[in-house]
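Here is a short briefing for a first look at this structure. Keep the sequence and the 3D view open as you read.

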Amino acid sequence: VLFDDRPERAGVKFADADLIGIPWRVTVGSKGLAKGAWEVKRRDREEIELVPAEAVTAHLRAAVDQALAAADRVAREKVPAS
């Protein structure tokens, strides 16, 4: 987990997170809070999801599990069975 509380604009922080390879970004901002949600964005996708604050942990766990399962499938396809 990286908590970026530097006095920089959001865009600078987002660009830096991309540069160091942070796979998911969770943003708690005024727009999302007005809707009772946090913004969740995967680094490899363009869309930003608004996730209810109380569901963010479960949402991220499911997303990580899904990504790991997909990576495992790809790895198994590349390695011939013995």
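Asp16 is partly exposed, with a relative accessible area of 28%. The model is predicted. Asp16 makes a salt bridge with Arg6, and their closest N and O atoms lie 2.9 Å apart. This pair links distant parts of the chain: Asp16 sits in helix H1, Arg6 in the segment before H1, 10 residues apart.

**Salt bridges**

- Side chains of opposite charge can pair when their charged atoms come close.
- The count of salt bridges in this model is five.
- Arg6 also forms a salt bridge with Asp4, with 2.8 Å between the closest N and O atoms.
- Arg6 is partly exposed, at a relative accessible area of 32%.
- Asp4 is partly exposed too, because its relative accessible area of 23% falls between the 20% limit for buried and the 50% limit for exposed.
- Arg42 and Asp44 meet through their side chains in a salt bridge, 2.7 Å from N to O.
- Arg42 is buried, with a relative accessible area of 16%, whereas Asp44 is exposed, at 55%.
- Shared partners join the salt bridges of Asp4, Arg6 and Asp16 into one network.

**Strands and their pairing**

- Strand E1 covers residues 24-27 and pairs with E2 in the antiparallel sense, over four bridges.
- Strand E2 covers residues 37-42, and five of its six residues are buried, so E2 is largely enclosed by the rest of the structure.
- Strand E3 covers residues 48-52 and pairs with E2, again in the antiparallel sense, over five bridges.
- E2 and E3 form a hairpin, with five residues between them.
- Which residue stands opposite Glu39 of E2? That residue is Thr27.
- Glu39 also has a bridge partner in E3, namely Leu50.

**Surface patch**

- A nonpolar patch on the surface is formed by Leu2, Leu19 and Ile20.
- Together these residues have about 370 Å² of accessible area.
- Ile20 belongs to helix H1, which spans residues 10-20.
- Is Ile20 buried or exposed? Ile20 is exposed, because its relative accessible area of 58% is over the 50% limit.

**Largest pocket**

- The largest pocket holds about 670 Å³ of space.
- Its lining has 19 residues, and those closest to the pocket centre are Leu2, Phe3, Arg25, Val26 and Thr27.
- H1 and E1 are the elements that give two or more residues to this lining.

**Largest cavity**

- How many cavities of 30 Å³ or more does the structure hold? The structure holds one.
- About 50 Å³ of space lies in the largest cavity.
- Its lining consists of Ala17, Asp18, Ile22, Pro23, Trp24, Arg25, Lys41, Arg42 and Arg43.
- H1, E1 and E2 each give two or more residues to the lining of the largest cavity.
- Arg25 lines this cavity and is also among the residues closest to the centre of the largest pocket.
- Arg42 lines the cavity and forms the salt bridge with Asp44.

Conventions: Residues are numbered from 1 along each chain as its sequence is written. This is a predicted model: local features need pLDDT of at least 70, side-chain atom pairs count only at pLDDT 80 or more; totals for chains, interfaces and linings use all residues. Side-chain values use heavy atoms; hydrogens and water are left out. Patches are made of residues with over 30% relative accessible area and no salt bridge: like charges are joined within 9 Å, nonpolar side chains (Val, Leu, Ile, Met, Phe, Trp, Tyr) within 5 Å. Accessible areas come from the Shrake-Rupley method with a 1.4 Å probe; for residues, only the protein chains shown count as cover. A salt bridge is a side-chain nitrogen of Lys or Arg within 4 Å of a carboxyl oxygen of Asp or Glu. Buried means under 20% relative accessible area, exposed over 50%, partly exposed in between (1.4 Å probe, protein chains only). Two strands pair if DSSP finds at least two bridges between them. On a 1 Å grid over the protein atoms alone, a cavity is a set of points where a 1.4 Å probe fits but cannot get out, and a pocket is an open set with protein on both sides within 12 Å along at least five of seven lines; lining residues have an atom within 4 Å of a point. Grid points are joined across faces, edges and corners, and a volume is the space filled by probe spheres set on the points.
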